[in-house]
Amino acid sequence: MESKDETETLAQLTTEVAKLGFDQINFTLLRGMSKSYENAYVYSNHAKEWMHRYESQSYWEIDPIFNHSLQRKSPLVWNADTFETRRQRHLYEEANIYGIYAGITLPLGSMGAAGMLTCVTDSASGKTILNDGVAALPQLTLLRDVAFDSLSRFIFPDATSEVPKLSRREKECLQWHAQGKTSWEIGSILSISEACVNYHFNKIRTKFNVTQRHQAVIKAIMLGLISA
């Protein structure tokens, strides 16, 4: 998976997964071996509404797929039967609205990291994936490994990377976001408006050349600009 930048790597990953018959993907990488989803690097082509719902409701706490990726190294082929408790079934039913019915998840544990590559099908029956998903395991495993290796160059810059120059306020915003604070909460803590906080984050994303706040936080931690 030769690529010049992060965007190209993710586009190639999405294309290759689609060739194997999957409609959606989710690539999640947790900082170090942390089990906190809040500061994770997440790339997904799920609907934005679903991603917002998943994060705002802290669904990762009950998600059997996410928790499998933290505890196991083996792939998980999943469907409706994987969601056993009442809360998990409610999560699954909500996910169905956004075309998420069945799939296969490959943890990053074997790569010495915490996270997962999840490939999803919108097949309501979820039966085909049980067979085709296993058949595609060798290709998916290779894609996971190559994607992790390629994306690590962009997610975790090395010591020779140019360190962005951040203002004191930008560092404060990043530090509080790393602790799970929302824009409104950060504004209250720093005695500035929520719009001002969002303005600082727009500048931060530009300086780090990323699209998500979590990506900026991870890079800032790796560069020693803020503490974990």
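A: Gladly. Let's begin with a term: a cavity is a set of grid points where a 1.4 Å probe fits but cannot get out, and its lining residues have an atom within 4 Å of a point. In the second largest cavity of this predicted model, the largest share of the lining comes from helix 10, with 3 residues.

Q: How many cavities of 30 Å³ or more does the structure hold?
A: There are 2 of them. The largest cavity has about 240 Å³ of space.

Q: What makes up the lining of the largest cavity?
A: It has 18 lining residues, and His-46, Trp-50, Tyr-54, Asp-63 and Ile-65 lie nearest the centre. Strand 1 (24-30), helix 2, helix 4 (86-97) and strand 5 (114-121) each contribute at least two residues to this lining. The classes come to 13 nonpolar, 4 polar and 1 charged.

Q: What sets a pocket apart from a cavity?
A: A pocket is an open set of points, whereas from a cavity the probe cannot get out. The largest pocket here holds about 870 Å³ of space.

Q: Which residues lie nearest the centre of the largest pocket, and which helix gives the most to its lining?
A: Met-51, His-52, Glu-55, His-177 and His-214 lie nearest the centre, out of 22 lining residues. Helix 2 gives the most, with 5 residues. Strand 2 (41-44), helix 2 (48-56) and helix 10 (213-222) each supply at least two. By class, the lining of this pocket has 5 nonpolar, 12 polar and 5 charged residues.

Q: Why is Ser-69 called buried?
A: The cut-off for buried is under 20% relative accessible area. Ser-69 has 3% relative accessibility, so it counts as buried. This residue lies in helix 3 (residues 64-71). Leaving aside residues up to four places away in sequence, Ser-69 touches Pro-107, Gly-115 and Met-116.

Q: Why is Gly-180 called partly exposed?
A: Partly exposed covers the range between the buried cut-off of 20% and the exposed cut-off of 50%. Gly-180 has 37% relative accessibility, so it counts as partly exposed. It is found in the loop between helix 7 (168-178) and helix 8. Its C-alpha is separated by 7.6 Å from that of Asn-39, though these residues are 141 apart along the chain.

Q: How do you know that the buried residues of helix 9 line one face?
A: Val-197, His-200, Phe-201, Ile-204 and Phe-208 are the ones described as buried in helix 9. Seen down the helix axis, the buried residues fall within an arc of 100°, so they line one face of helix 9. An α-helix has 3.6 residues a turn, so residues three or four places apart point the same way. The face turned away from the buried side carries the exposed residues Ala-195 and Thr-206.

Q: What is the span of helix 9 set against, and what follows the helix?
A: Helix 9 (residues 194-208) has 15 residues and reaches 21 Å from first C-alpha to last, close to the 21 Å expected at 1.5 Å a residue. Asn-209 follows, with a positive phi near 55°.

Q: What puts the buried residues of helix 8 on the same side?
A: The buried residues of helix 8 (residues 183-190) are Ser-183, Ile-186, Gly-187 and Leu-190. They cover an arc of only 100° around the axis, which puts them on the same side of helix 8. Just after this helix, Ser-191 takes a positive phi of about 60°.

Q: How does the span of helix 6 compare with the one expected?
A: Helix 6 (residues 137-155) has 19 residues and reaches 25 Å, close to the 27 Å expected. Its buried residues include Leu-140, Arg-144, Phe-148 and Phe-154.

Q: How many helices and strands does the protein chain have, and what share of its residues is buried?
A: The protein chain has 10 helices and 5 strands. Buried residues make up 49% of its 228 residues.

How values were computed:
Residues are numbered from 1 along each chain as its sequence is written. This is a predicted model: local features need pLDDT of at least 70, side-chain atom pairs count only at pLDDT 80 or more; totals for chains, interfaces and linings use all residues. Side-chain values use heavy atoms; hydrogens and water are left out. Helices (H or I, at least four residues) and strands (E, at least two) are DSSP runs, numbered from the N terminus. The expected span of a helix is 1.5 Å times one less than its number of residues. Buried means under 20% relative accessible area, exposed over 50%, partly exposed in between (1.4 Å probe, protein chains only). The arc is that of the directions from the helix axis to the C-beta atoms. On a 1 Å grid over the protein atoms alone, a cavity is a set of points where a 1.4 Å probe fits but cannot get out, and a pocket is an open set with protein on both sides within 12 Å along at least five of seven lines; lining residues have an atom within 4 Å of a point. Grid points are joined across faces, edges and corners, and a volume is the space filled by probe spheres set on the points. Ala, Val, Leu, Ile, Met, Phe, Trp, Tyr, Cys and Pro count as nonpolar, Asp, Glu, Lys and Arg as charged, and the others, Gly among them, as polar. Contact means heavy atoms within 4.5 Å.
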